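Have the sequence and the 3D view open, and try each task before you read its solution.

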Amino acid sequence: MKSKLMNKILPTVKNPIQYIGKELNSVHKEIKSDTIRYAFAFPDIYEIGMSHLGMKILYHLLNEQEDIYCERVFAPMVDMEEKMRRENIPLFAWETMDAITHFDFIGFTLQYEMSYSNIINMLDLGEVPLLAAERTKEHPFVMVGGPCAYNPEPLADFVDIVILGEAEEVILEVMEAYRKWKKSEGSRKDFLHSIASITGVYIPAFYQVEYDEEGKITSFQPISSAYPSTVQKRIIKDLDKTYYPDKVVVPYTNIVHDRIMLELFRGCTRGCRFCQAGMIYRPVREKTPETLKSIAEKLVKNTGYEDISLASLSTSDYTQLVPLVKNLMEEYKDKGVGLSLPSLRIDSFSIKLAEEIQKVRKTGLTFAPEAGTQKLRNVINKGVTEENLMEATRQAFEAGWGTIKLYFMIGLPTETNEDIEGIGDLGKKVVQQYFQVEKEKRNKALRVTVSTSSFVPKPFTPFQWEPQNTMEELKEKQQYLKNIIRDRKISYSWHEPKISFLEAIFARGDRRLGKVLLKAWEKGCKFDGWDEHFKFNSWMEAFEECHIDPSFYAHRKREYEEKLPWDFIDIGVSKSFLIREHKNALKERVTPFCRENCVNCGVENFDGGWTCYVDC
Ligand code: SF4
């Protein structure tokens, strides 16, 4: 297979170097009889998957174990897949080019609902039975984790194991149970049984669901009292002590984020009401600057990268940011290693910091006011004002920036035409701000991009009960905004409402969607997040043939009393807090940033108790 791949296929496909493996710092091991083979699978192409921090961490963490060999696998691009299918080459892992069906585990990371059809496609291409119920002892266990695993139900038919929360510890516990099981020669079910009570592990096959005649869930329970009725997510308590790779694989070809990612902290407690990450990753846990400095030093040395990105959900909230940045700048300014901050808040502090960091090379600045009016920003609890934005953009223009991107969402709960007009107004005000800055100071060219995505209600957010706007409503709103934005200095880009519609269906879906997913894949659906591959009509046919109404999932308002498909998962944040936040949203009432005032979200009682901030 290898020679066919190397000689016949790879010379004829786009960007063949992405399939070859053997990159700097990739791990190569001898395979022995007791080696546990783990394929870390990213359900998208190499260029995207290789930028993913979770993959970098788990790949190296698993490979630190002597008897585990973790390899990487990505979705081949469409041209490559065609040739693989024609030549009967099964999906292989990048390190050994062995077919993934020979592995013990295939672990998919779920970053985005629109990658679900790629999971089915990759299993099929890998010659792994698609349904968990059809796998035998000869087949790998299919595992999933990542943010979308917080509602894993649409994938329940296809996966054996779901990991909820941060995987660094729980995955090693699962591997330990696997070692024991392998020696015991028990059945597949015996292994799943042995891990079902590990905190953070959910086995979909061990649970059953019942529905009423309207299609709402009436009961969701384990098939035996041996399994927990609530599954608690896993968190790493001390990030300083947890594993972080000191070398990462350096690709030969361009990838989306080709740099060192220094993770400053996990969690975010700003409390934006649409944001799932802000809820599921609580509590905030920081790494100390000393740990970060030492990680950075090793990573620079071991990779040769010349850019360090300070990554976290809201980087400016890192309590030690100023001393850390100062220190890293001093250390690396003469060594040609630059810093970047991917997630800036709209405030003067962030601009000063960005100015400091980007003295030489100024890339564009991105701000996310999310909504066009103060009323709607209060509804979503986005703690920024128009003054903040104007002040931040003034400083940015004075410091020489000319490219500004503004991110908004349309279709948010309670939105009116006035809120849409507000988006256009903010764009105009940013342009005016530029012209108010002295000519000598400002950049010669101005480019303002207004970009809107469509609101998708996500599980575990205060908006999880809200309906999504219909596609027609979203299109009308986009058109309305297009008509408002007439200034040639502003360009407007938007997301395809059809994709957002599908995202909303799967984000809040239940396990009945498994058959739709299968049907849609049979009709050729894959790479659904890519406009050029997205086959909306095939999806709609799949829903029809399965007699499932997609609007039931996307456009229906849920009552607080309704059982939600993900209610069995305990993320720490309580449902009563989410209800309180939802009610506050409808009253346009703002909830303060946790650091100013803890509002008892529930995390303080989670997993033996938690104090997020010293003053809490
Ligand atoms: S416990 Fe308090 S400080 Fe911690 S995340 Fe919840 S609301 Fe914020």
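A residue counts as buried when its relative accessible area is under 20% and as exposed when that value is over 50%. Keep in mind that this is a predicted model.

**Exercise 1. Backbone angles**

Task: Find where Phe527 sits and decide whether Phe527 is buried or exposed.

Solution: 
- Start with the location: Phe527 belongs to the loop that runs between α17 (513–522) and α18 (536–545).
- Next, look at the backbone, where phi of Phe527 is positive, near 45°.
- Most residues other than glycine have a negative phi.
- Finally, apply the cut-off: Phe527 has 4% relative accessibility, so Phe527 is buried.

Asn25 counts as buried because its relative accessibility is 16%, and the cut-off is under 20%.

**Exercise 2. A peptide bond**

Task: Is the bond from Arg282 to Pro283 cis or trans?

Solution: 
- Go to the loop between α8 (276–280) and β12 (285–286), which holds Pro283.
- Read omega for the bond from Arg282 to Pro283: the value is near -5°, and the bond is cis.
- For context, most peptide bonds are trans.

**Exercise 3. Cavities**

Task: Describe the largest cavity and its lining.

Solution: 
- Begin with the count: there are nine cavities of 30 Å³ or more.
- Sorted by class, the lining comprises eight charged, five nonpolar and one polar residue.

Conventions. Residues are numbered from 1 along each chain as its sequence is written. This is a predicted model: local features need pLDDT of at least 70, side-chain atom pairs count only at pLDDT 80 or more; totals for chains, interfaces and linings use all residues. Side-chain values use heavy atoms; hydrogens and water are left out. On a 1 Å grid over the protein atoms alone, a cavity is a set of points where a 1.4 Å probe fits but cannot get out, and a pocket is an open set with protein on both sides within 12 Å along at least five of seven lines; lining residues have an atom within 4 Å of a point. Grid points are joined across faces, edges and corners, and a volume is the space filled by probe spheres set on the points. Ala, Val, Leu, Ile, Met, Phe, Trp, Tyr, Cys and Pro count as nonpolar, Asp, Glu, Lys and Arg as charged, and the others, Gly among them, as polar. Helices (H or I, at least four residues) and strands (E, at least two) are DSSP runs, numbered from the N terminus. Buried means under 20% relative accessible area, exposed over 50%, partly exposed in between (1.4 Å probe, protein chains only).
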